[in-house]
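I opened the model today to follow a few strands and the residues on them. My notes are below, in the order in which I looked things up.

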Amino acid sequence: MKKLYMLKYFISIILIINSLNFYSQEEYNVLDSVPLKTTFGMKIGVDISKQIRMLTEPNYKGLVITGDYRISNRLFIAGEFGNEEKKVTNEVLDFDTDGSFLKLGVNYNVYNNREGLENEIYVGFRYGHSKFNHKLNSYTIYNTDNYWDQNLVNTNNDFNNLTASWFELVLGFNAEVLNNIYMGINLRLNRLLNQESPENFSNLYIPGYYKVFEGNNFGVGISYSIFYQIPIFKKNN
């Protein structure tokens, strides 16, 4: 149900961005006699889903810089760099996680634009690598005899310099809402490739990958970003 909800949310955001893009199309109306050119450049932006998450989750902090560089009419080199801090508190565990991550890959634009437009509906992939730390503050031992109330164990264990890597399949949409200003959203299917697990503890959260579930190496995620394109040169279509 959660994955279905995320997919519906993803489609809704695409429709919203597409409606915003409708109002920006007038500036691209050109005469047929004027040759159209495609802009080649670098887009640099911020994943604003992290800032929105910070407003709804007091125990979370994150910043992700994202961007791509166009190498052909349809192909883009893409990358992301970020840092996350997350405190998890539940009836079993209390721990803190912090770390940084890097993702590199490509996007391929499958959308045939109208003349003068440079929007994107793309598929792509990322290889992600994260380096992170855990701090275990306390945990609860399951015990059927609660007479002595000794289930809660306070500790101060640090697990540092852990690593993990994963693969992401990406489906996304970018729309130029103003001149060189883009808004985008993407849906990701993640496959954990390997992880360095601490002794007597598990990686329940990996920065850049999100939650890790025991016995399941797959996950999903959604992000939305705003970019500024630095135009480098233009090429005739």
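In which strand does S225 lie? I found S225 in strand β10, where strands (E, at least two residues) are DSSP runs numbered from the N terminus, as are helices (H or I, at least four residues).

Before going further I noted that residues are numbered from 1 along each chain as its sequence is written. I also noted that this is a predicted model, in which local features need pLDDT of at least 70 and side-chain atom pairs count only at pLDDT 80 or more, while totals for chains, interfaces and linings use all residues, and that side-chain values use heavy atoms, with hydrogens and water left out.

Is S225 buried or exposed? I recorded S225 as buried, because its relative accessibility is 7% and buried means under 20% relative accessible area, exposed over 50%, and partly exposed in between (1.4 Å probe, protein chains only). Leaving aside neighbours within four places in sequence, I listed the contacts of S225 (heavy atoms within 4.5 Å) as V46, D47, I48, T66, Y182, M183 and G184.

Next I looked up the partners of β10, taking two strands as paired if DSSP finds at least two bridges between them. Strand β1 (residues 37-47) pairs with β10 (residues 218-236) in the antiparallel sense over 11 bridges, and in this pairing I saw V46 opposite I226 of β10. Strand β7 (residues 181-195) also runs antiparallel to β10 and is joined to it by 11 bridges, with L189 standing opposite V220.

I then turned to the surface, where M42, I44, L63, I65, Y228, I230, I232 and F233 form a nonpolar patch with about 700 Å² of accessible area together. For patches I used residues with over 30% relative accessible area and no salt bridge, joining like charges within 9 Å and nonpolar side chains (Val, Leu, Ile, Met, Phe, Trp, Tyr) within 5 Å; a salt bridge is a side-chain nitrogen of Lys or Arg within 4 Å of a carboxyl oxygen of Asp or Glu. β1, β2 (60-70) and β10 each supply at least two residues of this patch, and β10 gives the most, with four. I checked L63, which lies in β2, and noted it as partly exposed, with a relative accessible area of 47%.

Last, I looked at L162 in strand β6 (residues 152-178), which counts as buried at 4% relative accessibility. L162 and P198 are 36 residues apart in sequence, yet 7.5 Å apart in space, C-alpha to C-alpha. Not counting residues up to four places away in sequence, L162 touches S130, K131, F132, H134, E196, P198 and N203.

Note on methods:
Areas by Shrake-Rupley, 256 points an atom, 1.4 Å probe, with all protein chains shown as cover.
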